[in-house]
Amino acid sequence: MKKLFILVAALFTIGTVSAQKFARVNLQEIVVAMPEFEQAQKNLEAFGKDLQEQMEQIQVEFNNKYADFQKNQATMAASVKQMKQQELEQLQQRFSEFQQIAQQDFQKKEAELIEPVQKKADEAVKKVAKAAGYIAVFNTAVPSLAYFDEAQLTDIAPLVKRELGIVDKPATPATPAK
């Protein structure tokens with residue numbers, strides 16, 4: 001009797017699992033297609049350009065002072081020469097510290113701008129999956145499973161894009177070679 005119960009339970013579980021709906025979506029493609037992502041990229045590029053300009057200003061200042069030092073060091077008193085060398089070292093250190101801080105600031109800004117876009121895409125996937133009755137949606141952009149047959153999963157990207165109001169751009173036809 002116990003074996004019969006286990007067999008019935010196993011068959012019921014198999015039947016239940018096979019009736020479940022699974023889907024896939026490349027979340028990265030969705031995020032990149034969103035207008036908000038394009039705007040975030042533009043803002044990030046502008047932020048990066050500002051940081052780059054500030055680094056270039058420090059570099060120009062260093063180059064000018066170094067060139068002046070090289071040109072006049074032969075006529076400088078030892079104390080002045082030592083002071084100028086220290087000034088150049090401090091400027092070089094300031095540049096190095098600024099580079100590190102700028103890189104951290106850039107990464108923070110990137111997260112600040114991209115995170116809301118990713119969150120919106122995630123919410124759209126959840127909404128579409130729930131409405132269509134899917135119990136699991138696999139993100140094919142970063143597959144975390146050892147194996148799954150993508151062909152057996154429904155691609156819900158078109159539904160998610162529709163939910164987000166994304167219209168695919170038509171492919172441009174290739175120009176024939178002469």
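**View 1. The lining of the largest pocket in this predicted model**. Here you can find Val32, Ala33, Met34, Pro35, Glu38, Ile166, Val167, Asp168 and Lys169 around the pocket. A pocket is an open set of points on a 1 Å grid over the protein atoms alone, with protein on both sides within 12 Å along at least five of seven lines, and lining residues have an atom within 4 Å of a point. Helix H2 (27-33) and helix H3 (35-72) are the elements that give two or more residues to this lining. By class, the lining holds six nonpolar, no polar and three charged residues.

**View 2. Where helix H4 meets helix H5**. The axes of H4 (residues 78-132) and H5 (residues 157-164), lines fitted to C-alpha atoms over the stretch in contact, come within 9 Å and cross at roughly 115°. On the H4 side, look for Lys120, Ala121, Ala124, Val125, Lys127 and Val128; their partners in H5 are Leu159, Val160, Glu163 and Leu164. Contact means heavy atoms within 4.5 Å. This contact has seven nonpolar, no polar and three charged residues.

**View 3. A closer look at Glu110 in helix H4**. Glu110 counts as partly exposed because its relative accessibility is 34%, between the limits of 20% for buried and 50% for exposed (1.4 Å probe, protein chains only). Leaving aside residues up to four places away in sequence, Glu110 touches Leu44 and Glu115. Glu110 and Leu44 lie 66 residues apart in sequence, yet 6.4 Å apart in space, C-alpha to C-alpha.

**Reading the views.** Residues are numbered from 1 along each chain as its sequence is written. In this predicted model, local features need pLDDT of at least 70, and side-chain atom pairs count only at pLDDT 80 or more.

Terms used
Heavy atoms only, no water. Axes fitted to C-alpha atoms, helices over the stretch in contact; angles between N-to-C directions. Helix = DSSP H or I, 4+ residues; strand = E, 2+ residues; numbered from the N terminus. Nonpolar A, V, L, I, M, F, W, Y, C, P; charged D, E, K, R; others polar. 1 Å grid on protein atoms, 1.4 Å probe; cavity = no way out; pocket = protein on both sides within 12 Å on 5 of 7 lines; lining within 4 Å.
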